[in-house]
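Hi,

Here is the model I promised to pass on. Have a look at it first, and my notes follow below.

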Amino acid sequence: MTEQKIKDHVERLGEQHPPIPLASVDRTVNNPDVLRERFGHVIEYLARVELEVDRNVLELLVLLPQPHEVDRMFYEDVWQPQEIQHGLIIDQLGQDIGLQPAEPMLEVQTSMKILGALSHIPQIGEITRLLYYLTGASTERQAVLAYNTLSRAVAELEEDAVANTIIGPIKQQEPGHFAFYQMSAREMIENNRLKPWQLWLTQQIRSFSYGLVGTNGKKDYTADMGGVMEILGFNEDLEGFAKDVGRFEAKVLWANREGMAFPPYVLRALRDSLDLYRERLRRDGDLAAA
């Protein structure tokens, strides 16, 4: 893998997948009550996460004090313009079916600021860069799986406008983001950008800091993600879902150590998320019964 190949990929993404105009969306919903009842929670979650892209860019400015030009080109010129439109479109869909406007979390967390300060040290900066790619690959993979599943489910409800002009165009853009992170992480590993101690430290940080897409280290968001998994059916084969999400990370960061199909912290995060969601349901049920 080379930096030139990554740059070519980013340029193609920008040319072939411009941001989706809100005016291009057919906002026809045949049965808003059914769509809200079945998938309102998922739509709320996706809208919030997509609209947090502006905070994500601010985080990158903190975490990557001297970004590579291809990274800057990706997150400023391609990723942010695409993702913000995804958020606006999904949020509008939510409001069309009776949901409240999304409330994205836009404050950069203290932990990010601390890591950003340390990243001014070049050796730590390279660790942070690999963590950025691994996090991006994991979260984009989760997004791809969620949008693919939601698209099929919405089509089964015969909500063709939603499936074809909202979910469909969005899900076509997400795999290109995943590919960027995948290619970038591979370039670092294949060209030995990190020394053994840096890889070891990356593994340790990843093991205790790994989080699911949009959870932001918050219990409420983590419980929300558990609800998304249960509604979309990912809980029915949690290890299979963990493999889909963590396969690349096992290969690039852990070199498939001892036949590792996915890092154990991926499955742990999925289980914790479902546990928090089910605990919330039990708590809400107890309150309703009281």
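This is a predicted model: local features need pLDDT of at least 70, side-chain atom pairs count only at pLDDT 80 or more; totals for chains, interfaces and linings use all residues.

How are H2 and H4 oriented to each other, roughly parallel or roughly antiparallel? The axes of helix H2 (residues 32-51) and helix H4 (residues 69-96) come within 8 Å and cross at roughly 150 degrees, so the two are roughly antiparallel to each other. (Angles under 35 degrees count as roughly parallel, over 145 as roughly antiparallel, 65 to 115 as roughly perpendicular and the rest as oblique; axes are lines fitted to C-alpha atoms, for helices over the stretch in contact, with angles from 0 to 180 degrees between N-to-C directions.) The crossing of H2 and H4 is left-handed, i.e. the near helix is turned anticlockwise from the far one by less than a right angle. On the H2 side the contact (heavy atoms within 4.5 Å) includes Leu46, Ala47 and Glu50, and on the H4 side Glu83, His86 and Gly87 are among the residues involved.

Residues are numbered from 1 along each chain as its sequence is written, and side-chain values use heavy atoms, leaving out hydrogens and water. Helices are DSSP runs (H or I, at least four residues), numbered from the N terminus.

Now for Glu174, in helix H7 (residues 160-190). Glu174 is buried (under 20% relative accessible area, with exposed over 50% and partly exposed in between; 1.4 Å probe, protein chains only). Yet Glu174 has no salt bridge, meaning a side-chain nitrogen of Lys or Arg within 4 Å of a carboxyl oxygen of Asp or Glu. The nearest side chain of opposite charge, Arg141, is 11 Å away (Lys and Arg count as positive, Asp and Glu as negative; His and the chain ends are not counted). Beyond its neighbours within four places in sequence, Glu174 touches Glu50, Glu83 and His86, among others.

Helix H3 (residues 53-63) has Arg55, Asn56 and Glu59 among its buried residues, and the cover over them includes H2, H4, helix H5 (110-118) and helix H6 (122-156). Leu61, also in H3, is partly exposed at 46%.

Asn216 has phi near 55 degrees, but counts as buried at 13%.

Cheers
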